[in-house]
Amino acid sequence: YGLVGSEMCIRDRFTSMHEGFFLAELITERDTVTDIRFLEVNPAFERMLGVDRDEALDTTLTELMGSEGKKWLKAITRVFRSGEASLVDDRNPRSDRFLRSHYYIPRPGVVACILTDITEQKKAEEEISHLASFPELNPNPIMELDGNEQVVYMNPEARRVFPTLAREGLQHPFLTGFRAIERELREQRKMIVRRDIPVGELWYEQAVTFSPARQNFRIYSRDITARVQAEAVLKRSNTELEASNRELEAFSYSVSHDLRAPLRSMEGFSSALLEDYADKLDEQGKQYLDYVKDASDTMGQLIDGLLRLSRITRSEMNYQAVDLSALAQKIVETLERNQAGKPRTVTIQPGIMGFGDEQLLQIAMENLLSNAWKFTAKTADPKIEVGVLEENGKPVYYCLLYTSPSPRDRTRSR
């Protein structure tokens, strides 16, 4: 129950979060990202980009956005080269929304991005810019300081929300750290310096400019308390999500120790009943015991899967060339030794090469071939074929199960 609850909690947060999110495979040429291929997106991403999930998955950015995607690729290339996260603001032409993109590299070969819709913020900034030429009518606090750091002007809103500022000057919380901003504007000759600053329980965004001709500073500001509170809620949600992931990992690891013993008892006593009391059981009773043994075997496989998942979440992805033919042959040999039943005819195409994390590819191949082994158990002439073919210029790896003499009834897994 704990595992299912944790998975549902994580999935609910992923699908209900207001920020868009995508995970994509990097397509690179030397030190440049030439494209990305989307691996996962959430519903907020669909709304912000104006695309469906099915349209985005396994699609490249160029296919999805055309030439408009070049701006994204430039930003992703910078992150790819530096290894450091990056924030980029840009307008998305598909949805006509302004998006703030937070790119980062969670593991080699993959880029993740959190998208925040800042359309309303951009509109507010444009409104502020428009109203800035009319300080007296501006609903946001605006003030000026002269070259001696004295407050020489405050518009009506500034006087209303900061009634003591003119008297307190740089000692007022709204002007904390102003001298550092002054140095940036004078010495580094910046056009504008932006910052967020707390004043009591409220937060304000400031845009400070300097006029060399007049030797004065103008501060445009607006109340961003609601945004800061929303970001705090998001941060708490992320922290809770990380805690849920750790809880899921701990549960996956401990469940093997908690459940192995009763499973062994179930299987052992079921086998004992079948061996020692077979003459006292009718066919239906024997079938019931077979059901119990099959269920315990299935539960054992689930526990093994949980343990593999636990190891995966703690390990780092290691991309390399992998000989899939050799990997499949090794797994088949293990299945032949450990799985009772009629022999299978297994054909493995030689020289199948793949690129990825060898541990994950082995787990995928084990699951695929174990299922093939299970589904051919009752076949008169069981045959399994592993190979690769090309579709649309891309390799497609497959496992064919011959579960019927008729070619039409072959089962194919890709």
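**Salt bridges and helices**

Author: Start with helix α11, where K286 and E283 sit 3 residues apart, so about one helical turn separates them. Helices (H or I, at least four residues) and strands (E, at least two) are DSSP runs, numbered from the N terminus. This is a predicted model: local features need pLDDT of at least 70, side-chain atom pairs count only at pLDDT 80 or more, and totals for chains, interfaces and linings use all residues. Residues are numbered from 1 along each chain as its sequence is written, and side-chain values use heavy atoms, leaving out hydrogens and water.

Reader: Why does the spacing matter?

Author: An α-helix has 3.6 residues a turn, so residues three or four places apart point the same way.

Reader: What joins the side chains of K286 and E283?

Author: Side chains of opposite charge can pair when their charged atoms come close. Here K286 and E283 meet in a salt bridge, 3.8 Å from N to O. A salt bridge is a side-chain nitrogen of Lys or Arg within 4 Å of a carboxyl oxygen of Asp or Glu. By this rule the count comes to 17 salt bridges.

Reader: Is E283 buried or exposed?

Author: Buried means under 20% relative accessible area, exposed over 50%, partly exposed in between (1.4 Å probe, protein chains only). E283 has 61%, so it is exposed. K286 has 23%, so K286 is partly exposed.

Reader: Which residue meets R160 in a salt bridge?

Author: E157 does, at 2.8 Å from N to O. Both lie in helix α7 (residues 156–161), 3 residues apart, so about one helical turn lies between them. R160 is exposed at 58%. E157 is buried at 19%.

Reader: Where do the partners D196 and R227 lie?

Author: First, the bond: D196 and R227 form a salt bridge, with the closest N and O atoms 2.9 Å apart. D196 is in strand β8 (residues 192–199) and R227 in helix α10 (residues 225–276), so this pair, 31 residues apart, links distant parts of the chain. D196 is partly exposed at 37%. R227 is also partly exposed, at 22%.

Reader: How do I check a helix's length?

Author: The expected span is 1.5 Å times one less than the number of residues. Helix α13 (residues 358–375) has 18 residues, so it should span 26 Å; its end C-alpha atoms are 25 Å apart, which agrees.

Reader: Which residues of α13 are buried?

Author: They are I363, M365, L369, A372 and W373.
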